[in-house]
Amino acid sequence: GADFRNADLSYANLDGAKLTTANFGRATLYAVKLRNADLLRAELSHADLRDVKLDNAVLSMASMEQTDFSAAKMTGVNLTGAQAKGTIFLEADMSRADLRGASFPAAILRDAKLDGARVEGADFRGALGLEAWQVCATTGWQGAQFDADVKAAVLQSCGGAQGRNPQ
């Protein structure tokens, strides 16, 4: 794939780009438009993707260790099997995202919007800032892994109902 390590692509329009296996390690992609882009197996570790537009993009099997997705628009994004260790999703909109099989150890999910996200098989153990109201808004949370305290809060808030979002 293409090599964009350490590059500054801030504000670029890469909507629909085919960037499979591209290396964006430590790159700055602030506010980049990547809607409908194909980033299958891309390397995004330590990259700055704050305020990026990733709606309906494919990041399946991507490596995104300590990547910053703060305030990113990621509705409908495919993150299946992605590795998001220490990744920051602060206030990111991941509504309707496909997170099946993704791993989020030490990821920061505070105020991330997960409405309608598919989370079967996802591993949220060690994730920070994840609250029951976020999990209750997802589908398939019963098949995801959570820390014991989060799981207890989720069971109390969501019960057995799937997709219910108490206000």
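User: How many helices and how many strands are there in the chain?

Analyst: The chain has 2 helices and 0 strands, where helices (H or I, at least four residues) and strands (E, at least two) are DSSP runs numbered from the N terminus. This is a predicted model, in which local features need pLDDT of at least 70 and side-chain atom pairs count only at pLDDT 80 or more, while totals for chains, interfaces and linings use all residues. Residues are numbered from 1 along each chain as its sequence is written, and side-chain values use heavy atoms, with hydrogens and water left out.

User: What is the mean pLDDT of the chain?

Analyst: The mean is 95, and 95% of the residues reach 70 or more; pLDDT is the predictor's confidence in each residue, on a scale from 0 to 100.

User: And where does pLDDT stay under 50?

Analyst: That happens over residues 161-167, for which the model has 20 contacts beyond four places in sequence, a contact being heavy atoms within 4.5 Å. Where pLDDT is low, the predicted coordinates should not be read in detail.

User: Changing topic, what radius of gyration does the chain have, next to that of a compact globule?

Analyst: The chain has 15 Å, which agrees with the value near 15 Å that a compact globule of 167 residues would have; the radius is taken over C-alpha atoms, and the globule rule is 2.2 Å times the number of residues to the power 0.38. Along its principal axes, the C-alpha trace spans about 45 × 25 × 20 Å.

User: What share of the residues is buried?

Analyst: Buried residues make up 47% of the 167 residues in the chain, with buried meaning under 20% relative accessible area, exposed over 50% and partly exposed in between (1.4 Å probe, protein chains only).

User: Among contacts between residues at least 6 apart in sequence, what share joins residues at least 24 apart?

Analyst: In this chain that share is 5%.

User: Tell me about T87: buried or exposed?

Analyst: T87 is buried, since its relative accessible area is 0%, and it belongs to the segment before α1. Beyond its neighbours within four places in sequence, T87 is in contact with M64, E65, Q66, T67, F69, A106, A107 and I108.

User: Which residues does L130 touch?

Analyst: Not counting residues up to four places away in sequence, L130 touches L109, L114, F124, V135, F146 and V150. L130 is also placed in the segment before α1, and is buried because its relative accessible area is 9%.

User: What about D48, which residues is it in contact with?

Analyst: Leaving aside neighbours within four places in sequence, D48 has contacts with A27, T28, L29, Y30 and D68. D48 counts as buried, its relative accessible area being 16%.

User: Last one: what is the phi of H46?

Analyst: H46 has a positive phi of about 65° although it is not a glycine, and M61, another residue other than glycine, has a positive phi near 60°. Most residues other than glycine have a negative phi. H46 is found in the segment before α1 (132-136) and is partly exposed, at a relative accessible area of 31%, while M61 is partly exposed at 41%.
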